[in-house]
Amino acid sequence: MARIIINQDGCKGCEMCVNACPRHIIALDKEKINAKGYHPAKLLDEEKCTGCCSCAMMCPDCMIVVER
Ligand code: SF4
Ligand code: SF4
């Protein structure tokens, strides 16, 4: 099963990954604010991740790693 690891400390909340995910399983975590002052991205449902890497490719700061 694939899963992604998001470096939430480095995330700038740009939502590029949110919009890139074909399974719609990434969202900004509105309950969390990182040291940079942003709501960081989080994975909502690991079970649905296909490991397609779209999110990782879209992140401008390379904050997402996909493990397969
Ligand atoms: S690897 Fe693909 S399916 Fe999984 S969270 Fe990223 S964009 Fe979505
Ligand atoms: S694309 Fe990268 S910086 Fe932007 S919200 Fe997603 S993880 Fe954060």
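Two residues are in contact when heavy atoms of the pair lie within 4.5 Å. By this criterion, among contacts in the protein between residues at least 6 apart in sequence, 60% join residues at least 24 apart. The model described here is predicted.

The protein contains two helices and four strands. Read from the N terminus, these elements follow the order β-α-β-β-α-β. Along the principal axes, the C-alpha atoms occupy a box of roughly 30 × 20 × 20 Å. The radius of gyration of the protein is 11 Å, which agrees with the value near 11 Å for a compact globule because the chain has 68 residues. Of these 68 residues, 37% are classed as buried.

Ligand 2 is located in the largest cavity. The surroundings of ligand 2 consist of Cys11, Lys12, Gly13, Cys14, Glu15, Met16 and Cys17, together with Ala41, Cys59, Pro60 and Ile64. By class, eight residues of this shell around ligand 2 are nonpolar, one is polar and two are charged.

Ligand 1 takes up the second largest cavity. There are 13 residues around ligand 1, and those that come nearest are Cys21, Cys49, Cys52, Cys53 and Cys55. The shell around ligand 1 comprises nine nonpolar residues, three polar residues and one charged residue.

Conventions: Residues numbered from 1 in each chain as written. Chains lettered and ligands numbered in written order. Predicted model: local features only at pLDDT ≥ 70, side-chain atom pairs only at ≥ 80, totals over all residues. Heavy atoms only, no water. Near = heavy atom within 4 Å. 1 Å grid on protein atoms, 1.4 Å probe; cavity = no way out; pocket = protein on both sides within 12 Å on 5 of 7 lines; lining within 4 Å. Sits in = over half its atoms within 2 Å of the grid points. Nonpolar A, V, L, I, M, F, W, Y, C, P; charged D, E, K, R; others polar. Rg over C-alpha atoms; globule rule 2.2 N^0.38 Å. Buried < 20%, exposed > 50% of the residue type's maximum accessible area, 1.4 Å probe, protein only.
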